Amino acid sequence: LNSFAQEQTTDNQDYSRYQACQEFFLREDYDVCLNQVETLLASSQTYSPGQEEYLRFMQAASAYHLNRMDASLLLREFLSDYSLSTYAPKAFYYLGTCAMNAAQYQDALAAFQLCHKSALSQKEWEDYRFRLAYTYTQLEEFAKADSLFNELMEENGRYVLPSTYYIAYID
C-alpha cells in the first residue's frame, strides 16, 4: 500500500509540474518553462502521447524564444517526431526564422512554405510575411518579395519603413 501511495504522490507532482510548464509557457516565461520541461523530460515519468508532444513543443518553442543555439535542432527533432502535429505549422515558422537568421535562405524558404496562417497570431503573420519577403530578396526572387513588401506597406503597420527600403532596393 505504501508503494502505491508513493506512486500516486509522484504522479500528482509530475502532473502539477506539467500544468506549471503550460502556465509558464502561456505567460511567455520561457526560461522557467524550459527548465521545468527539461526536468520533466529527463525524469523517468511516462506521459500520454499528447502530453509528451506538447512538452517537446514547449521545449523547442521556448528555446526559439530564448534565442538558444539548440533551438533549430530541437525544432527539427520535434518536426521529425511529430510531423502531423497541430503545433507543426508554428514549429515550421520558428524553424524558418532560425534558418533566415543564420542566412540559410533556401532552408528558411522551405520551412516558411510549410507554415499556415491559421497557426500564427496577427503579429506573427505580419512578421512571417516580412521574413518571407526578406528571404525572397536574398534568393533574388524579387517579384515575390516586391509583392509581399507592397502588401505590408498598404497595411500601414510596423513594417512600412523596412518594406519601403527593400522595395527601393529591389527597384
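Which residues in H5 meet which residues in H6? The legends below take up this question first, and then turn to other close-up views.

This is a predicted model, in which local features need pLDDT of at least 70 and side-chain atom pairs count only at pLDDT 80 or more, while totals for chains, interfaces and linings use all residues. Residues are numbered from 1 along each chain as its sequence is written, and side-chain values use heavy atoms, with hydrogens and water left out.

**View 1. Helices H5 and H6 meet in a left-handed crossing.** From H5, the residues Phe92, Tyr93, Leu95, Gly96, Thr97, Ala99 and Met100 meet Tyr105, Asp107, Ala108, Ala111 and Phe112 of H6, where contact means heavy atoms within 4.5 Å. The residues of this contact divide into nine nonpolar, two polar and one charged; Ala, Val, Leu, Ile, Met, Phe, Trp, Tyr, Cys and Pro count as nonpolar, Asp, Glu, Lys and Arg as charged, and the others, Gly among them, as polar. The axes of H5 and H6 (residues 105–112) come within 8 Å and cross at roughly 165°, which makes H5 roughly antiparallel to H6, a term for angles over 145 degrees. Helices are DSSP runs (H or I, at least four residues) numbered from the N terminus, and axes are lines fitted to C-alpha atoms, with angles from 0 to 180 degrees between N-to-C directions.

**View 2. The largest nonpolar core has 53 residues.** Such a core is a set of buried Ala, Val, Leu, Ile, Met, Phe, Trp, Tyr and Cys residues joined through side-chain atoms within 4.5 Å. Those with the most contacts inside this core are Phe25, Phe57, Met58, Leu75, Tyr93, Tyr128 and Phe149, and its largest share, nine residues, comes from helix H5 (residues 88–101).

**View 3. Ser62 has its place in helix H3 (residues 49–65).** Ser62 counts as buried because its relative accessibility is 0%, buried being under 20% relative accessible area with a 1.4 Å probe and protein chains only. Not counting residues up to four places away in sequence, Ser62 touches Phe25, Tyr30, Cys33 and Leu34.

**View 4. Asp127 is found in helix H7 (residues 122–138), and Arg129 also has its place in helix H7.** Asp127 is buried, with a relative accessible area of 4%, and, not counting residues up to four places away in sequence, touches Tyr93, Arg158 and Tyr159. Arg129 counts as buried at 4% relative accessibility, and, leaving aside neighbours within four places in sequence, is in contact with Leu148, Glu151, Leu152 and Glu155.

Methods: Buried < 20%, exposed > 50% of the residue type's maximum accessible area, 1.4 Å probe, protein only. Helix = DSSP H or I, 4+ residues; strand = E, 2+ residues; numbered from the N terminus. Parallel < 35°, antiparallel > 145°, perpendicular 65-115°, else oblique. Left-handed = near helix turned anticlockwise from the far one by under 90°.
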